[in-house]
Amino acid sequence: MAFTAETLAADDRFLAAILHCADQMLSIYRESPRIASIFAAQQRWLMAHAGFALHYGYPGDGKSGLYSGRFIDFAVRNDIASRNTAAAFMQEMLAYRFLRPVPGPDKRTRYLEPTETAEEHFTRWLVAHLMILDNLDGGERASKVSADPSAMMAAIQPRIARAIIGSEAVRNPGPTFNLFNWANTGGLVMDYLISRLPEFPRAAERVAVGPLSLREIREQFMISNTHLKRLLTQAAAMESVGWTAPSRKGDFWLSRRFILEYWNYQAAKFAIIDAAAEAALGPAVHEEPQARRVV
């Protein structure tokens, strides 16, 4: 049986999974900022999942095929983006060569498909998550997907897309998470902050992550000083982040509420991915809880 969000959220070992996932997203960014920009804000991440799913065959839709009109209508209907934003995203993906035109059943329609680069990075995203699940229960999801990545992506990704698009827990985890994840590059900044966690005592109201260099964040994620300071100022006003000394001195801290928003979001997302993998691959063989460990 697939993990539930409640089971993952209650598991203290899940912190290691969260930190590993954050590190993986940061690693992708360092290797390919353009690809990682798709994961850097929730709206773009949802649009990317929608595009892949429409290409493969969105569950319950009865057809497959990606083209601008269908994608834009889908994005608007599911409250992902406005028509203009969805159209601009498609043009950007074409310009970056993450999408390309292909022949389709209707010669009057310009059909599109993900390029090998886009598929490779989305497969990497999926396999990274499956490896974390495998480390929790000794399963073999990642190796099964890696053995036939194209077929497995086509079978698993549309299920993931449909579930996350319909999930309130994924799309609206909480006010601080939303603040970062709906801002340009904010998702990467949030991943970076979470990746600094040394531990998470659940009773602690705040967890210090050490000194924070705004310059390092700006240079690493190519975010303006004004944009970064605005994000942190808004989060500080929500009492979700802060410094231990005035004037942004001392150690930087994250609030328990903020960490739990991120934790519960990850639990909901991983449960969705596990359910989709189980539907395509069959159930993983779960070990007894005391025998599981994250490495």
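**Figure 1. Helix 12 and its buried residues in the predicted model.** In this predicted model, the residues of helix 12 that are buried are Gly 186, Gly 187, Leu 188, Val 189, Met 190, Asp 191, Tyr 192, Leu 193 and Ile 194. The helix runs over residues 186-195 and is mostly covered, with nine of its 10 residues buried.

**Figure 2. Phe 258 and the residues around it.** Phe 258 is found in helix 15, which spans residues 256-281. Is Phe 258 buried or exposed? The relative accessible area of Phe 258 is 0%, and because buried means under 20%, Phe 258 counts as buried. Pro 173 can be shown in this view as well: although Phe 258 and Pro 173 are 85 residues apart along the chain, their C-alpha atoms are separated by 9.7 Å.

Figure 3. Thr 185 is found in the loop between helix 11, residues 175-181, and helix 12. Its phi is near 70°, which is a positive value in a residue other than glycine. Most residues other than glycine have a negative phi. The relative accessibility of Thr 185 is 19%, and since the cut-off for buried is under 20%, Thr 185 counts as buried.

**Figure 4. Arg 97, in another loop.** Arg 97 lies in the loop between helix 6, residues 83-95, and strand 2, residues 99-102. Arg 97 is not a glycine, and yet its phi is positive, at about 65°. Which word describes Arg 97, buried or exposed? With a relative accessibility of 69%, Arg 97 counts as exposed, because exposed means over 50%.

**Figure 5. Ala 208, in strand 4.** Ala 208 is found in strand 4, which is made up of residues 206-210. Apart from residues up to four places away in sequence, Ala 208 touches Pro 198, Asp 251, Phe 252 and Trp 253. The relative accessible area of Ala 208 is 38%, and Ala 208 is therefore partly exposed, a term for values between the 20% and 50% cut-offs. Gly 62, by contrast, is 50 Å from Ala 208 in space, C-alpha to C-alpha, and 146 residues from Ala 208 in sequence.

**Figure 6. The whole chain, as a setting for the close-up views.** The secondary structure of the chain comes to 15 helices and six strands. The radius of gyration is 19 Å, close to the 19 Å that the globule rule gives for 295 residues, so the chain is as compact as a globular protein of that length. Of the 295 residues, 52% count as buried. Among contacts between residues at least 6 apart in sequence, 67% join residues at least 24 apart.

**Figure 7. Confidence along the predicted chain.** The mean pLDDT of the chain is 90, and 96% of the residues reach 70 or more. Among the elements, helix 5, residues 68-77, has the highest mean pLDDT, at 97, whereas helix 3, residues 33-36, has the lowest, at 76. Over residues 288-295 the pLDDT stays under 50, and for these residues the model has 15 contacts beyond four places in sequence.

Conventions: Residues are numbered from 1 along each chain as its sequence is written. This is a predicted model: local features need pLDDT of at least 70, side-chain atom pairs count only at pLDDT 80 or more; totals for chains, interfaces and linings use all residues. Side-chain values use heavy atoms; hydrogens and water are left out. pLDDT is the predictor's confidence in each residue, from 0 to 100. Helices (H or I, at least four residues) and strands (E, at least two) are DSSP runs, numbered from the N terminus. Contact means heavy atoms within 4.5 Å. The radius of gyration is taken over C-alpha atoms; the globule rule is 2.2 Å times the number of residues to the power 0.38. Buried means under 20% relative accessible area, exposed over 50%, partly exposed in between (1.4 Å probe, protein chains only).
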